[in-house]
Amino acid sequence: MGKIIITIGRQFGSGGREIGQKLASAFGIAYYDKELMAEAAKSSGLSREFFEKADERVASSLAYSYSVGFPYMGLFTPYTDVLSNDGLFKFQSEAIRRVADKGSCVLVGRCADYILRDYPKCFSVFIHNTKENRIDRIMDSQHVTEEQAKELMIKTDKSRAAYYNYYTNKVWGAASSYDLSINVAILGIDATVEFIKSFVEQKLGQRPPHFG
C-alpha cells in the first residue's frame with residue numbers, strides 16, 4: 001500500500017483538530033498540527049515564536065518584524081527576507097514535505113493540501129460545522145463569552161482564508177479546493193471520522209492493513 005497523507009482544512013471551532021487526531025489514531029499514523037511549527041523552527045534555526053506569531057496569517061515583513069519585537073535594521077537587511085511571512089512559509093513548507101517523506105500522516109492546516117498536491121495518495125479534507133456548534137466549542141475550549149467566541153470565530157476564519165487564498169491561488173473552504181468537504185453537524189465527530197476513513201479506504205480500492 002505504501003504511505004498515505006491526509007490533510008485537514010477546517011473552520012475555527014469546527015472540530016477539525018479533534019477529527020484529525022482521531023483519524024490518525026484510527027489509521028495508526030502520525031499526526032501533525034502545531035508540531036509543524038516546532039519542526040520548521042528546528043530546521044530553520046529560528047525561534048518557534050516567529051512561526052507561532054505568523055501561523056496561518058498574511059502580513060508584511062516590516063509589520064511582522066515589529067510584531068515579534070525584532071529590531072528592524074533597514075530595508076535591505078537579510079533578516080527581512082528570512083522573517084517575512086513568505087520566508088517563514090518556505091521554511092514551514094519544507095517541514096511539511098519532510099514529515100510527509102517520513103511516512104503516513106495526518107496534517108492539519110497550513111496549506112498542507114497545496115504543498116503536497118503532487119504527492120501520491122494525498123487526500124485533502126475540509127471540515128465545517130454550524131455556527132451554533134462552533135460557537136459552543138469555542139466557548140468551551142477558549143473559556144470565553146458567546147460574543148467573544150463569535151468575534152474570534154470570524155477573525156480566525158478570515159485570517160485562515162486570506163492565508164490559504166494567498167499561498168494557493170485556490171479558495172479556502174470551497175468544495176472544489178478539496179477531495180472531500182464535510183459538515184460535522186450531520187454525523188458528529190466520531191461518525192465523521194469513520195466516514196472519512198471509509199472514504200480514504202474506498203479511494204484506495206481496499207481496506208489498508210498497514211501504513212509505513
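How many bridges join strand 2 to strand 3? Three bridges join these two strands, which run parallel, with strand 3 covering residues 105-108. The notes below set this pairing in its context.

1. Basis of the model. This is a predicted model, in which local features need pLDDT of at least 70 and side-chain atom pairs count only at pLDDT 80 or more, while totals for chains, interfaces and linings use all residues. Residues are numbered from 1 along each chain as its sequence is written, and side-chain values use heavy atoms, with hydrogens and water left out.

2. Confidence. The pLDDT (the predictor's confidence in each residue, from 0 to 100) averages 85 over the protein, and 83% of the residues score at least 70. Over residues 60-82, however, the pLDDT is below 50, and this stretch has 30 contacts in the model beyond near neighbours in sequence. A contact means heavy atoms within 4.5 Å.

3. Overall composition. The protein has 11 helices and five strands; these are DSSP runs numbered from the N terminus, with helices (H or I) of at least four residues and strands (E) of at least two. Of its 212 residues, 48% count as buried, where buried means under 20% relative accessible area, exposed over 50%, and partly exposed in between (1.4 Å probe, protein chains only). Among contacts between residues at least 6 apart in sequence, 68% join residues at least 24 apart.

4. Five strands form an open sheet in the order 2-3-1-4-5, with parallel pairing; two strands pair if DSSP finds at least two bridges between them. Strand 2 (30-32) and strand 5 (180-183) stand at the edges with a single partner strand each, so one side of each is left without a neighbour in the sheet. From one strand to the next, the twist averages 20 degrees. Within the pairing raised at the outset, Cys105 in strand 3 is the bridge partner of Ala30.

5. Helices 11 and 6. Helix 11 (residues 189-204) lies across strand 1 (5-10), strand 4 (122-128) and strand 5, and runs at about 160 degrees to strand 5. Such angles run from 0 to 180 degrees between N-to-C directions, with axes fitted as lines to C-alpha atoms, for helices over the stretch in contact. Helix 6 (residues 85-102) has 18 residues and reaches 26 Å from its first C-alpha to its last, close to the 26 Å expected at 1.5 Å a residue; the expected span is 1.5 Å times one less than the number of residues. Its buried residues include Phe89, Phe91, Ile96 and Val99.

6. Asp113 lies in helix 7 (residues 112-115) and is buried, with a relative accessible area of 10%. Its side chain is joined to that of Tyr164 by a polar contact of 2.6 Å, that is, a pair of N or O atoms within 3.5 Å, where within protein one must be able to donate a hydrogen and the other to accept it, and residues adjacent in sequence count only if both atoms are side-chain atoms. Leaving aside residues up to four places away in sequence, Asp113 also touches Ser177 and Tyr178, among others. Val171, in the loop between helix 9 (146-168) and strand 5, is in contact with Tyr164, Asn165, Ser177 and Tyr178, its neighbours within four places in sequence being set aside.

7. Positive phi values. Most residues other than glycine have a negative phi. Phi of Lys121 is near 55 degrees; Lys121 is found in the loop between helix 7 and strand 4 and is partly exposed, at 34% relative accessible area. Phi of His143 is near 55 degrees; His143 is found in the loop between helix 8 (131-142) and helix 9 and is exposed, at 70%.
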